[in-house]
Amino acid sequence: MLARQHYEERIEALILDIMKMAALVQEAVGKATQAFVQRSEQLAAQVMEEDRRIDTWERAVEARSTALIATEQPVARDLRIIVAALLVSNELERMGDYAAHFANAASRVSDYFVKSTRGEITKMTEIASTMVRDGAQSFLKQDVDLATEVVGRDDEVDGLYARFFQKILLDMTEHPEHVQEGTALLFCSKYLERLADHATNICKEVVYVCTGEKYEGQ
C-alpha cells in the first residue's frame, strides 16, 4: 500500500511540474506582450530569463519521467501519462522559445506599428495564453472535453494570423520603407500562431492519455 501511494505521489509530482512549466510559459507570453506594447528591452530581457527557467523545468520533467519508467515499469494509463508528460514538457519548452523570439522581434518594431497593430497582437496573445492555461488544466484534470474545446480555439488564432499577415503584406507592398519592420511583425504573429499550435498538441496528448487513442479531429 505504501509503495503504491509513493508511486502515485511521484506521478502527481510529475503533473505538478507540468503545471509549473505552463505557468511560466503564460508569464513569459504576458511579459513578451508587454515588451511589445511598451517597447521595453527590460521586459524582453525578463522573457529571456523565463525561457531559461522553462528549459530547466523541461530537464527536470525528463529526469523525473525517465526515473519513473526505469524504477516503476508503469503500464496502461500510467505509462501514457508519463510519456505524455515528456511530450507536453517539450511543447512547453518550445512555447518558451517562441515567447523569447516574440519579445526579441518586438524590439525591432516602431511606436507607429505598435499602435497600429496592438489590437491584433494582444488578441492573439490572449487566446494563445488561455489555450496554454486551459490545456495544462485539461492535463491536470484529465479532461477530454476541455482538451477538445481548446483544440477548437486554434482555428480562431489561425484566422487572426491569416488576416494580420495580409494586412502587413499589403502595407509593405504600398510602403516599401516598411519592409524591415513589417517583416519583424510577421515573425511576431507567426510566433503567436505557433504558440497556439503547441497548446493544441498538448490537448491532443490529453485525449490520448484518457482514451488510449490518437485525436482524430482536424
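Analyst: Let us begin with the rings: this is a predicted model, and the structure holds five aromatic pairs. One of them is formed by Y161 and F165, a tilted pair with 6.1 Å from centre to centre and 55° between the planes.

User: What is a pair of aromatic rings described by?

Analyst: In general, such a pair is described by the distance of the centres and the angle of the planes. For Y161 and F165 the angle is 55°, and because planes under 30 degrees apart count as stacked and those over 60 as edge-to-face, the pair falls under tilted.

User: Where in the chain do Y161 and F165 lie, and how many residues apart are they?

Analyst: The general idea is that an α-helix has 3.6 residues a turn, so residues three or four places apart point the same way. Here, Y161 and F165 both belong to helix α5 and, because they are four residues apart, about one helical turn separates them. Y161 is buried, at 16% relative accessibility, while F165, with a relative accessible area of 28%, is partly exposed.

Analyst: A second case is the pair of F187 and Y191, which is stacked, with 6.1 Å between the centres and 25° between the planes. These two are four residues apart in helix α6, so they too are separated by about one helical turn. F187 is partly exposed at 43% relative accessibility, whereas Y191 counts as buried at 16%.

User: Which residues form one aromatic cluster?

Analyst: The cluster is made up of Y98, F187 and Y191.

User: How far apart are I81 and Y208 in sequence and in space?

Analyst: Places in sequence and distance in space are separate things to read. I81 and Y208 are 127 residues apart in sequence, and their C-alpha atoms are 9.1 Å apart in space. I81 itself is in helix α3 and is buried, with a relative accessible area of 7%. Beyond its neighbours within four places in sequence, I81 is in contact with residues including I11, F139 and V209.

User: Is D17 buried or exposed?

Analyst: D17, in helix α1, is buried, with a relative accessible area of 3%. Its side chain is joined to that of R64 by a polar contact of 2.8 Å.

Key:
Residues are numbered from 1 along each chain as its sequence is written. This is a predicted model: local features need pLDDT of at least 70, side-chain atom pairs count only at pLDDT 80 or more; totals for chains, interfaces and linings use all residues. Side-chain values use heavy atoms; hydrogens and water are left out. Buried means under 20% relative accessible area, exposed over 50%, partly exposed in between (1.4 Å probe, protein chains only). A polar contact is a pair of N or O atoms within 3.5 Å; within protein, one must be able to donate a hydrogen and the other to accept it, and residues adjacent in sequence count only if both atoms are side-chain atoms. Contact means heavy atoms within 4.5 Å. Rings of Phe, Tyr and Trp (its six-membered ring) pair if their centres lie within 6.5 Å; planes under 30 degrees apart count as stacked, over 60 as edge-to-face and the rest as tilted.
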